[in-house]
Amino acid sequence: MDMQLKRGLLDVCVLAAIKKEDSYGYKIIKDIKPYVEISESTLYPILRRLENASQLTVHSAEHAGRLRKYYHITPAGLERIAAFREEWKEILSIYQFVTREENENA
Amino acid sequence: MHKQNFLAALQDALYGLPQSDINQSVEYYSEIIDDQIEDGIREEEAVASLGSPDAVAKQILLDIALPKLVKAKVRPSHTLHAWEILLLVLGAPVWASLLLAAAAVLFSLYITIWAVIVSLYAVELSFGLGALFGLVQGGIFMGTGNIPAGVFYMGAAIACFGLAILLFFGFNKATAGLIAVSRRFVLWIKSLFLKRRKAQ
C-alpha cells in the first residue's frame with residue numbers, strides 16, 4: 001500500500017483503538033494487528049505524532065509494580081475519526097467507480 | 001538478547017539525541033517488552049520480535065525533525081569557558097563561513113535530486129506538447145493540401161506520443177527511486193550529526 005496513505009490510516013486506527021477506553025502500547029498493537037499490519041516500531045512515532053497534534057494525551061499509571069503509559073483520546077482525536085468517516089464516503093465512491101470500470105471491461 | 005542488553009544498545013544507538021527523547025524511547029520499548037512477557041512470551045523472543053536495536057534506533061531517527069537534531073548537536077556538552085567563547089567569536093569568520101558552505105553544499109545536493117525529478121516531468125510534458133502541436137500542425141497541412149508535410153507532422157506527433165507514454169512509466173519508477181534516495185540522504189545527514197557527537 002502507498003506509504004503516505006497507510007501512515008494516515010494507521011493514525012486513525014490508533015485513535016480508534018483508544019476511543020472506547022484508554023489503552024497502552026502493547027494492547028493497541030494487539031487490537032489493531034488482526035486488521036492491519038503494525039509493529040512496535042511503527043506505533044511509536046504514531047503515538048508521538050498524535051500527542052504533538054493534541055489528538056491524544058498520555059498519563060502513567062501503576063501496573064504490576066511498574067509504570068505503564070496509558071493513552072487517552074482528546075476531542076481533537078475524536079474529530080479526526082469523524083473527519084476520516086466523512087472522507088471515507090468519498091473514497092468508497094471512488095472505489096465503486098474504479099471497480100465499475102473494471103467490471104465493464106471484464 | 002535480554003531486555004536490559006536491548007535497552008542499553010538502543011540507548012547507545014540514540015546517543016546524541018536530547019536525553020528526554022532517549023528516555024521516552026527506552027521507556028516505550030521497556031514497557032512493550034514487559035507487557036509481552038506478562039502475555040506469556042519468553043524474554044528473548046519478546047526482544048527478538050522488536051528487531052535489532054540499530055534498526056529500531058534508525059526508525060526513531062528518521063521520525064525526528066532535522067532542526068531538532070541539529071539543535072541537540074549544537075548544544076555544548078559543558079558550559080563554555082571565557083577563552084572558548086573568545087576563540088569562537090574571533091574564529092567566527094572562519095568557522096561560520098565554512099559551516100555555511102557545508103550547509104549550502106548539502107542543501108544544493110538535496111535540491112539537485114528534486115531538480116532531476118522536475119526535469120524528468122518537463123521532458124514528459126514537452127513530448128506531450130510536441131505530440132499535440134504536431135497533430136494540429138499536421139492537420140493544418142493536410143487541410144491546405146500539403147499532404148507530405150502533413151504526413152510528416154502526423155508521424156512526428158505519433159512518435160512523440162509514443163515516447164511520452166513509454167517514458168511516463170520509466171519516469172514514475174525513477175521518481176520513486178529518487179524520492180527514496182532523498183529520504184536516505186536526509187537520514188544520512190542525521191546520522192552524521194549523531195556520529196560526530198559520539199566521537200567527541
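Reader: At what angle do helix 1 and helix 4 of chain B pack, and how far apart are their axes?

Author: This is a predicted model. In it, helix 1 (residues 3-13) and helix 4 (residues 53-62) of chain B pack at an angle of about 45 degrees, and their axes are 9 Å apart.

Reader: What makes helix 1 of chain B oblique to helix 4 of chain B?

Author: Angles under 35 degrees count as roughly parallel, and 65 to 115 as roughly perpendicular. The angle here is about 45 degrees, and that makes helix 1 of chain B oblique to helix 4 of chain B. The crossing of helix 1 past helix 4 in chain B is right-handed.

Reader: Which residues meet where helix 1 and helix 4 of chain B come into contact?

Author: Helix 1 of chain B brings Phe6(B), Ala9(B), Leu10(B) and Ala13(B), which meet Pro53(B), Asp54(B), Val56(B) and Ala57(B) of helix 4 of chain B. By class, this contact of helix 1 with helix 4 of chain B holds seven nonpolar residues, no polar ones and one charged.

Reader: Why is helix 1 of chain B called roughly antiparallel to helix 2 of chain B?

Author: The axes of these two helices of chain B, helix 1 and helix 2, cross at roughly 160 degrees and come within 10 Å. An angle over 145 degrees counts as roughly antiparallel, and helix 1 of chain B is therefore roughly antiparallel to helix 2 of chain B. Helix 1 of chain B passes helix 2 of chain B in a right-handed crossing.

Reader: Which residues of helix 1 and helix 2 of chain B meet?

Author: From helix 1 of chain B come Lys3(B), Leu7(B), Leu10(B) and Gln11(B). In helix 2 of chain B they meet Ile22(B), Ser25(B), Val26(B), Tyr29(B), Ser30(B) and Ile33(B). The residues of this contact between helix 1 and helix 2 of chain B comprise six nonpolar, three polar and one charged.

Reader: Let us turn to chain A. How do you know that strand 1 and strand 3 of chain A pair?

Author: Pairing requires at least two bridges. Strand 1 and strand 3 of chain A have two bridges, in the antiparallel sense, and Ser23(A) has Tyr71(A) in strand 3 of chain A as its bridge partner. Strand 2 and strand 3 of chain A pair over eight bridges, also in the antiparallel sense. In strand 3 of chain A, His72(A) is the bridge partner of Thr57(A), and Leu67(A) stands opposite Glu62(A).

Reader: Why are strand 1 and strand 2 of chain A said to stand at the edges?

Author: The open sheet of chain A has three strands in the order 1-3-2, with antiparallel pairing. Strand 1 (23-24) and strand 2 (56-63) of chain A each have a single partner strand, so one side of each is left without a neighbour in the sheet.

Reader: How many residues of chain A and of chain B are in contact?

Author: There are 10 residues of chain A in contact with 13 residues of chain B. Helix 3 of chain A gives the most to the side of chain A that touches chain B, with four residues. By class, that side of chain A has four nonpolar, two polar and four charged residues.

Reader: Where in chain B is confidence lowest, and where is it highest?

Author: In chain B, confidence is lowest in helix 5 (residues 66-74), with a mean pLDDT of 69, and highest in helix 2 (residues 19-38), at 91. Where pLDDT is low, the predicted coordinates should not be read in detail. Chain B has a mean pLDDT of 85, and chain A averages 89.

Technical notes:
Residues are numbered from 1 along each chain as its sequence is written. Chains are lettered from A and ligands numbered from 1 in the order in which they are written. This is a predicted model: local features need pLDDT of at least 70, side-chain atom pairs count only at pLDDT 80 or more; totals for chains, interfaces and linings use all residues. Two residues are in contact if their C-beta atoms, placed from the backbone, lie within 7 Å. Ala, Val, Leu, Ile, Met, Phe, Trp, Tyr, Cys and Pro count as nonpolar, Asp, Glu, Lys and Arg as charged, and the others, Gly among them, as polar. pLDDT is the predictor's confidence in each residue, from 0 to 100. Axes are lines fitted to C-alpha atoms, for helices over the stretch in contact, and angles run from 0 to 180 degrees between N-to-C directions. A crossing is left-handed if the near helix is turned anticlockwise from the far one by less than a right angle, and right-handed if clockwise.
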